[in-house]
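Have a go at each one before reading its solution.

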Amino acid sequence: MEIACIHIGLMKTATTYMQGVWALDEKIALSNKGLNPVVEYLRESTANNCFDVGKNLDIDLDQPLKAGQSLVLSSEGLSCGFLDSGDAEMLRVYQDNASRMMGTLASQTQNVLITLRSPVSWIRSMHAQFLNEGGSGSAREFLHERRAFLLQCLDLDYLLGLYRRYFRNVRILPYETLREGEGDFWASLGEMFSMPIPTARDVPVSNPSLSGQRLYVLSCLNGLGSHMRSVLQQSESYVGLERERLVQVSSHYESWLNRRFVEHASEAELERTLGWLRADTVPDDFRRFSISREFADELEKRYLSVVEEVTGDTKLVSRYRDELQQAITEPV
């Protein structure tokens, strides 16, 4: 089966929207949910050091393939995992394993797409995603605790090298092009990979982005749940199988409960929740962070200079550098 392209992310670069557009297009056959078992295998086998590149790559399509359709494989899980643990070295191995597994498809396509964005806005979006997945804490704490992990996510030089081992046409497209001129984005994608240009783009919103008070309440609720589980795990009076089951189930269940609560609660209900938490207002610096010169230098070497070399878009990279410089001199 011939594949039009393999889209591997990055995270927080409108991948969900792109997948929604492809799912609507009669000319495209999409495998996104169909890749979930592959991503789960990559995560488990990497964490347990038992990855087998020869494992049968069983990819399902989200909908049955129709005659004449172009097949697109798309999952940001192919470029990122372990956001919950923030393990940079494990992520590096995971990315290598993912590329080796996808490399077995090189006889069916030579096209790989990596979408990216300004590192400053990307870090802020990754912080929000971390909270969505059950994490807690401010953006400054997130950056401090996951510095090495975030740099590994943005090591574009490494990621390109992994996929260029197997594929001749590994291309990158910026999120900003999609946001500021969607027609140009899809036209560029069509030219890169000889793909149909989607015309239906009215994608229903799922898992809407949170901000302000809602994101802060989510952080507080997640932090409270994490604290309660930690206390129970260390308890000398509460022991046995029930404790282990309760801690395990609540870890997954609470993250969804908290997320859906802050999405659907009214403003009055959020205010009442803040009262219960003894947090009257959202701290001014909850979403603000600064970037060190050392961190910025690493981003320049691993990311910005690579984007400039590959795309030749000096105007775009100049924007990225300006935003980065501002984040060095003052919190953003």
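Aspartate 284 sits in the loop between α12 (267–276) and α13 (293–311); helices (H or I, at least four residues) and strands (E, at least two) are DSSP runs, numbered from the N terminus. This is a predicted model, where local features need pLDDT of at least 70 and side-chain atom pairs count only at pLDDT 80 or more, while totals for chains, interfaces and linings use all residues. Residues are numbered from 1 along each chain as its sequence is written, and side-chain values use heavy atoms, leaving out hydrogens and water.

**Exercise 1.** Work out whether aspartate 284 is buried or exposed.

*Solution.* Start with the cut-offs: buried means under 20% relative accessible area, exposed over 50%, and partly exposed in between (1.4 Å probe, protein chains only). Aspartate 284 has 73% relative accessibility, so it counts as exposed.

**Exercise 2.** Find the buried residues of α12 and say how they are arranged around the axis.

*Solution.* First, pick them out: Leu270, Thr273 and Leu274. Next, check the arc, taken from the directions from the helix axis to the C-beta atoms. These residues span only 100°, so they lie on the same side of α12. Then look at the other side of α12, where Ala268, Arg272 and Trp276 are exposed.

**Exercise 3.** Which value does phi take in asparagine 49, and where is this residue?

*Solution.* Phi is near 55°, which is positive in a residue other than glycine. Now place asparagine 49: look in the loop between α2 (36–47) and β3 (70–74). Finally, with a relative accessible area of 72%, asparagine 49 is exposed.
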